[in-house]
Amino acid sequence: QVQLVESGGGLVQPGGSLRLSCAASGTIFRIDAMAWYRQAPGTQRELVASITSSGSASYADFVKGRFTISRDNAKKMVYLQMDNLKPEDTAVYYCNANVKITLLHRGDFWGQGTQVTVSS
């Protein structure tokens with residue numbers, strides 16, 4: 001099975017920055033789209049940003065101009081640079097990847113989640 005391991009979460013003051021990283025491992029033929037989601041207590045998981053295999057990025061309105069998603073295909077990693085963080089950004093952030101495992105087998109995989117807390 002494909003594993004996604006996240007790192008980089010933590011506590012930061014409003015206006016501060018964090019960079020989240022997600023490393024993919026396991027049996028992988030090709031990683032297609034990758035994305036970051038987040039989920040705050042009592043809410044549904046929501047899409048934060050996504051990026052295609054060629055590097056085309058899309059963002060939720062609430063993070064446009066503040067967050068940047070990027071990927072390194074050679075390292076099989078995706079990143080989320082978060083700047084000008086706000087208290088409402090506090091959530092567990094999850095890495096997601098759509099992976100072609102073999103020629104005929106595709107799957108959608110999730111990381112374990114990393115906590116981001118924005119508070120003064």
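Predicted model: local features only at pLDDT ≥ 70, side-chain atom pairs only at ≥ 80, totals over all residues.
## Basis of the description

Two strands are taken to pair if DSSP finds at least two bridges between them. Strands themselves are DSSP runs of E with at least two residues, numbered from the N terminus. By these criteria, E7 and E8 pair in the antiparallel sense over 6 bridges.

Residues are numbered from 1 along each chain as its sequence is written, and side-chain values use heavy atoms, with hydrogens and water left out.

## The open sheet

An open sheet is formed by 4 strands in the order E1-E3-E8-E7, with antiparallel pairing. Strand E1 (3-7) and strand E7 (67-72) are the edge strands, each of which pairs on one side only. On average, neighbouring strands of this sheet are turned by 15° against each other, direction ignored; the strand axes are lines fitted to C-alpha atoms, and angles run from 0 to 180 degrees between N-to-C directions.

Strand E3 (residues 18-25) runs antiparallel to strand E8 (residues 77-82), and 6 bridges join them. Cysteine 22 has valine 78 in E8 as its bridge partner.

Buried denotes under 20% relative accessible area, exposed over 50%, and partly exposed the range in between (1.4 Å probe, protein chains only).

The bridge partner of aspartate 72 in E8 is methionine 77. The hairpin of E7 and E8 has 4 residues between the strands, and lysine 76 takes a positive phi near 55° there.

## The disulfide

The structure holds 1 disulfide, defined as a pair of cysteine sulfur atoms within 2.5 Å. The disulfide joins cysteine 22 to cysteine 95, with an S to S distance of 2.2 Å. Cysteine 22 lies in strand E3 and cysteine 95 in strand E9 (residues 91-102), so the pair ties together parts that are 73 residues apart in sequence.

Because the torsion about the S-S bond of cysteine 22 and cysteine 95 is about -85°, the disulfide is left-handed. Cysteine 22 counts as buried at 0% relative accessibility, and cysteine 95 is buried with a relative accessible area of 0%.

## Arginine 45 and aromatic rings

A charge sits over a ring if NZ of Lys or CZ of Arg is within 6 Å of the ring centre and within 35 degrees of the ring normal. Arginine 45 lies over the face of tyrosine 94, at 3.7 Å from the ring centre. Arginine 45 also lies over the face of tryptophan 110, at 4.7 Å from the ring centre.
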